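Hello,

The structure we spoke about is below. Please look through it before reading my notes.

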Amino acid sequence: MAVRLLQPVLIGAVALGFPLVVTGGYHLHLAIMALIFTVLVAGLNLLVGYMGLLSLGHAAFFGIGAYVSGLFYKKLGLSFWVGFPAAGVVAALAALVLGYIVLRVRGHRFVIISIAFQEIVRMVDSNWVELTNGYMGIAGIAAPRLLLGPLDIDFFPKRHFYYLALAVAALTVFVCQQLADSHIGRALIGIRESEALAGTVGISPFRYSMIAFTVGAFFGGLAGSLYAHFIGFISPDLFHFSVMIEMLVMLIMGGKGTTWGPVLGAIIFTMLPEYLRVAKDFRMIIFGGILVGAILYMPQGIIMPIARVAERLPRLWRPAERPA
Amino acid sequence: MLELTLQHILNGLVVGSAYALIAIGLTMIFGLMDIANFAHGEFYMLGGFFAYYAVSFLGLSFFVTIPLAIVVTMAVGALLDRGVFRRLRGTPLMSSVLATIGLSIFFQHVALLVWGPQPNEIPTPFPPASIHLGPLFITPFRLFIAGVTLLLILAAHGVLQYTRVGKATRAVFQNRESAALVGIDIDRIYLLSFTFGSGLAAAAGVLLGPIFLVYPTMGGMATLKAFIVVIVGGMGNFLGAIVSGLLLGVAESLGAGFVSTAYKDAVGFVIVIIVLMLMPQGLFGSKA
């Protein structure tokens, strides 16, 4: 029991204590980006990881969320606390409509449709200059500020924003984990393992894929809103294919279809490209090479080897209950 | 109005024939190996860059450059097949998509490092003045593109249809196990068709380079358009790829001419969504 509690307490302590130990702005910035990506990737994990349906259009929901929140603030003067839920809801609605049309196809066909959707949204965003300011983007989106009676918290300092992002990320991971453990998660895994078989026991692949797609898009929208109010500037680049690749790498390399895989992936692959900066011009060449090599030699992601080590860890501290 | 429409169609057919050239390799790789190759557009990019360097720095004639760029790109393709794609066969869709995206990032940034980010124009010996075809105009170079692509497509068709290797390829396509049983070397067929497909994409890069310019990220959009063509034409369908390549070129040209040039690239994406909704097997049926 004590050992079982050790893990969450340890993770919680590290997460909560991080800004107290690391005070450098650069590292806090990276940590916040990793948390935002955690929200994004954990949502994507429902569809890609648990249901096994590869989507390359998730960046669209990230961008939609960022623009909803940013435009609410700039055009309507509404604060983050309105824009943030609205970003999630609008992204989820977009997914609901799109999913209803396209979630009948599978495999490579779905891959291409999802890219097509993302590209169309990107082009509309780039060309609808009156609303979105086109390629110039929208600047000056302020950090959230919480005014609740005597409470007045400005989230502009990075250390404050860190805890906001951490709260959202923790909630996202918790909700996704609860979903995965529920009958919905079991149905999704059933569909992943055999769609035909799942159908014969009364699981509707269409219905459950709609749930995974919409909930994932909801979190994508939330992540977009966080991003918009953290960076303060949004542009059509948010819809770019490279954003999609980034989150997919985090998911697959972290470990898809697991609770902590997206978290691990988001942390490692926010840090890795930054640390590869010492390699200067060779940075992305090395990154591409690592990606190909990792897929060929570590298709399960990083979490599996780590989980295996973690399983053995308690045995180092206490005698094995049974002889191995 | 009618003349303008015909003019757009003519322009579209020329660009569309190059789309078809890129898509043929992609659809063959998909049909044979079941791999969605997101790095396929990089062969188009490599073809364009090899040609640009051969013409601008080595001073070779444009006509010598075309086969040269194709052969060099084919060598790269053969190496990739041995080094990467051989290991990807039989892996899940997700692995092959990510690994080929990794390859695409790799090649784009190698190109960026070696050749720089600026767009380059491949110089050609063709005069820029248009030729009149009745009420329509076409530049000699575009006529040349259409001619060369037609030749290449016919050659590809001939090889597949009438040669021993072509017949073996079709056999592997229809049933891998049975083909292996009658003594066809599957790995060799994979190598040959992969190399062949990369060569066709390189040819498209050389031919479109003088019009659309050559730059490191040009392969990304080429990959997506080739996928649109392949899906609309039916995955693994050779003839479908040619017809829908031409269709995409024409649709884009009409869309740019009559709707908006800003949304030119969106035309294909809208088409692919509609086609997949109404006819999931593509317009001409597919292997899967």
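What follows is a summary of the fold, the core, the contact between the chains and the confidence.

This is a predicted model, and the values below are computed from it.

Chain A has 14 helices and two strands. Its radius of gyration is 20 Å, close to the 20 Å that the globule rule gives for 324 residues, so chain A is as compact as a globular protein of that length. The C-alpha trace of chain A spans about 70 × 50 × 50 Å along its principal axes. Buried residues account for 47% of the 324 residues in chain A. Of the contacts in chain A between residues at least 6 apart in sequence, 76% join residues at least 24 apart.

Helix 10 of chain A covers residues 205-231. At 1.5 Å a residue, its 27 residues should span 39 Å, and the end C-alpha atoms are 38 Å apart, which agrees. This helix is mostly covered, with 22 of its 27 residues buried. After helix 10 of chain A comes Gly232(A), which has a positive phi, near 85 degrees.

The largest nonpolar core holds 193 residues. Those that touch the most other members are Ile36(A), Ile22(B) and Val272(B). Helix 2 of chain A (residues 25-50) gives the most to this core, with 16 residues. Leaving aside residues up to four places away in sequence, Ile36(A) touches Ala165(A), Ala223(A), Leu226(A), Tyr227(A) and Phe230(A).

Between the chains, 30 residues of chain A are in contact with 32 residues of chain B. On the chain A side, the elements that give two or more residues are helix 5 (107-127), helix 11 (241-254) and helix 13 (283-297). Helix 5 of chain A gives the most, with 12 residues. By class, the side of chain A that touches chain B has 22 nonpolar, five polar and three charged residues.

On confidence, chain A averages a pLDDT of 86, and 94% of the residues score at least 70. Within chain A, confidence is highest in helix 10, at a mean of 95, and lowest in helix 14 (residues 303-317), at 63. Over residues 316-324 of chain A the pLDDT is below 50. Beyond near neighbours in sequence, that stretch has one contact in the model.

Regards

Note on methods
Residues numbered from 1 in each chain as written. Chains lettered and ligands numbered in written order. Predicted model: local features only at pLDDT ≥ 70, side-chain atom pairs only at ≥ 80, totals over all residues. Contact = placed C-beta atoms within 7 Å. Helix = DSSP H or I, 4+ residues; strand = E, 2+ residues; numbered from the N terminus. Nonpolar A, V, L, I, M, F, W, Y, C, P; charged D, E, K, R; others polar. Core = buried A, V, L, I, M, F, W, Y, C linked by C-beta atoms within 7 Å. Buried ≥ 20, exposed ≤ 12 C-beta atoms within 10 Å, placed from the backbone. Rg over C-alpha atoms; globule rule 2.2 N^0.38 Å. Expected span 1.5 Å × (residues − 1). pLDDT = per-residue confidence, 0-100.
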